[in-house]
Amino acid sequence: MTEGLWMGLGGRRGILWLAAAFAVATLVAEPARAQPEMPTERGQAKQAFPESGEVLMQADELAYDREARVVTATGHVELAYGERILLADRVTYNETTGVVTADGNVSLLDPQGDVAFADHLVLRNEMRDGVIQTLRVLLSDNSRLAGHDVVRSGGNMTTLHRGVYSPCDICEKKGQTTPLWQIKAFRVIHNKQEQRIIYEDAYMEFFGVPVLYIPYFSQPDPTVKRQSGFLPPSFASSSDLGQQVEIPYYWAISPDKDTTIIPRFTTKEGTVYQGEYRQRFESGQFAMFGTGTWPRTQQTGTPSDNDFRGSLFGTGTFAVDENWRWGFRSELASDDTYLRRYGLSSATDLISNLNATYVDGRNSFTADAYYFRGLLSTDDSATTPWVAPLLQYDYSYPEQIGGGRVSFSANGMVLERRQGAKSRRVSSTVRWDRRETSSNGFVYRLFGSLRGDVYSVDDVSNSAVPGATFDSTTIARALPTIGTEWSYPLVRSDSGLRQVLEPIAQLIYSPNVGNTEEIPNEDSLSFEFDDTNLFSEDRFAGLDRWETGARANVGVRYSIYMPEGGQASALFGQSFRLEDNDSLASGTGLQDETSDYVGRVMLAPSDDLLLVYRFRLDDERYKIRRNEINVLGRVGPLSGDIGYAYFAADQSVSFQPREEIYLGSVLKLDEYWRLFGQTRRDLENDRTVANRVGIGYEDECFDFSVGLYQSFYRDRDIEPDSSISFQITFKTLGTASN
């Protein structure tokens, strides 16, 4: 503690000081052993010792016995020795032996942030060693440690007999006399050097009732961020896998690497071995998660008919220099159903990727390689493609040309598969974009682009001749596009209520060259017309398909902002064409001269409610082709999530027709208890997909949950399954990791 702070403390009381006399007496009696005491301000004395450092002391009264070399301080005593601070009603300090004795409301603050409380203690060796009859310690994470006949040595080792440890608060208003849980031990040792709290001959109590005996147990102390040890286990019971328990062990190998070993023991399918390894480097980091098992049950004709089943997932990013970075992502599995059957992942597609990126101001370049794997029964590995490489370059010209911004992009791709279409592509685009606002509030945008592609393709299916393919060929194509966009934001404010009405019109022209079937559609399959791309120049996500012809996109956007912070918005619009575009599927809603109607409504009157509604209507019969509603809300202790989705059979070329509803909610019973549940039902096929319900408890020291999960999904060796999971966590016990 600084000298200035101690001066401030001393100035708050009228007190008698003998510091000057103490300094003179010390100088005359023992000139070889002590430096003279330097008087400071009223209420403060500062004594320096060559062997042991500085002592700062403050009290209401201070007396010095020159013959015995003992300083006695009484009344609001505050004593600092280096980074250790002692508070008490009465303190005696023996200069010869270095012993400090404190009595009455004693508090000792350590450099680590721990605070020890006692009625009487004796300290020596710069307040690092001592004997205390009864000690209570408030650790830096607000957990408590108490015991009798306490011995403190070296400033790092504290041994408590009949010790008690708990991080739980005691609520006296609710009549609690004991914490929710605590550990009692014949001996408790807090080793600050090794950062461990050790219990010998210990047992755990719940609500004061012993439930578990442990002859020896240790845990990291609050100063530890990461240390090897067991993590909280989890338990489950499944109709498919049987009784299950996971016992994770965390191994802090070194400051830059660690691993977590997570064996899962099941009664029906043996052991599922799981492990995660993480490592940091100066240039980056990576993490790998691997699993494996030798199944007991092997069903002939299903993916489970293997002696070994496993997976390997991982990610990594690394910096080569200030401009270049590279990374990877691996998602590998031994078979199609392993991940889903053992509850490791619900993914139905796996993507592995290798990436390199260069960024320098307005220049950016990426190079990727992709490996895909589908896990559904309808997926065929022979027709699943891999892409290597996929190259993308982007450049934005720093100066304006014609009042607008000019950018350039180029793309290259090689796509191969064992059976089916193969393609190689080189594409480049030059874009120009200009925005301005007129004096009367109109917002204009002018834009144009010129794109050119060269494709080399093989084995592309000819839909006109079933079973036949087009000849291998090289195709070159180009598409110029020009357009303009106009909008007129109208704003009105009244008593803090702000409204914005914005009509938008967009005109785009490009030659109506359509799309050729000789170029396989690999990157634009997931195509749909909705509110998010109503005003897009090209609604296809990839480059294999493009939108052509003269067209107009028209819509209106309305927003309202309330003074209390609530808001709402709506968007409605439609697209028009001069002629039908037969290269677009009828299910897209864009093939005809007039498109379907699309819209979105968002309502958020407060932080407790959010509603989003998205729709698509047939332009002739006003039939709903897409209907989505999502509601997030909270009313008192109840919070919920409701979702409904309907996709008509002809709504999209990439989505299957479906209608489903999802319900999820959490009910807080009180400050600590909660109920939770979710359900998802397939309305199209009149069946429930999954259910989950459970109860949980969490406070400052304890967390547990019990849940029942039901899955009605079937896929080869995956059957409908019901399971119960149980997880318990004693906070501050176990290992922390970052």
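P233 is placed in the loop between β15 (229–230) and β16 (234–238), where strands are DSSP runs of E with at least two residues, numbered from the N terminus. This is a predicted model, in which local features need pLDDT of at least 70 and side-chain atom pairs count only at pLDDT 80 or more, while totals for chains, interfaces and linings use all residues. Residues are numbered from 1 along each chain as its sequence is written, and side-chain values use heavy atoms, with hydrogens and water left out. The points below cover selected loops, the disulfide, the nonpolar cores, and the cavities and pockets.

**Loop residues and backbone features**

- P233 counts as partly exposed, at 26% relative accessibility; buried means under 20% relative accessible area, exposed over 50%, and partly exposed in between, with a 1.4 Å probe and protein chains only.
- Leaving aside residues up to four places away in sequence, P233 touches E246, P248, Q727 and I728, where contact means heavy atoms within 4.5 Å.
- Between P233 and Y646 there are 41 Å in space, C-alpha to C-alpha, and the two are 413 residues apart in sequence.
- D607 is located in the loop between β36 (597–606) and β37 (609–617), and this residue is exposed, with a relative accessible area of 79%.
- The C-alpha atoms of D607 and L632 are separated by 9.8 Å, and these residues are 25 residues apart along the chain.
- F207 sits in the loop between β13 (196–206) and β14 (209–220). Although F207 is not a glycine, its phi is positive, at about 50 degrees, and at 55% relative accessibility F207 counts as exposed.
- N142, in the loop between β9 (129–138) and β10 (144–153), also has a positive phi, near 70 degrees, and is a residue other than glycine.
- A cis peptide bond, with omega near 0 degrees, runs from A388 to P389; P389 lies in strand β27.

**The disulfide**

- A disulfide is a covalent bond between the sulfur atoms of two cysteines.
- The structure holds one disulfide, a term applied here to a pair of cysteine sulfur atoms within 2.5 Å.
- C168 is joined to C701, with an S to S distance of 1.9 Å. The link of C168 and C701 is right-handed, with 95 degrees about the S-S bond.
- C168 lies in the loop between β11 (157–166) and β12 (181–191), and C701 in the loop between β42 (687–698) and β43 (702–711), so the pair ties together parts that are 533 residues apart in sequence.
- C168 and C701 are both buried.

**Nonpolar cores**

- A nonpolar core is a set of buried Ala, Val, Leu, Ile, Met, Phe, Trp, Tyr and Cys residues joined through side-chain atoms within 4.5 Å.
- The largest nonpolar core has 46 residues, and those with the most contacts inside it are L86, V91, L135, Y165, W181, Y199 and F702. Strand β5 (residues 70–81) gives the most to this core, with five residues.
- A second, separate core has 10 residues, including F527, F529, L534 and L571.
- When residues up to four places away in sequence are not counted, V91 touches V71, T72, A73, V77, L79, L86, V100, T101 and A102.

**Cavities and pockets**

- On a 1 Å grid over the protein atoms alone, a cavity is a set of points where a 1.4 Å probe fits but cannot get out, and a pocket is an open set with protein on both sides within 12 Å along at least five of seven lines; lining residues have an atom within 4 Å of a point.
- Grid points are joined across faces, edges and corners, and a volume is the space filled by probe spheres set on the points.
- The whole structure contains two cavities of 30 Å³ or more, and the largest cavity holds about 130 Å³ of space. This largest cavity is lined by 14 residues, of which D110, A116, V137, R152 and T158 are the closest to its centre.
- At least two lining residues of the largest cavity come from each of β8 (115–124), β9 and β10.
- The second largest pocket has a volume of about 600 Å³. Its lining comprises 35 residues, with T429, R431, R451, D538 and L543 nearest its centre.
- Strand β29 provides the largest share of the lining of the second largest pocket, with seven residues.

Technical notes:
Helices (H or I, at least four residues) and strands (E, at least two) are DSSP runs, numbered from the N terminus.
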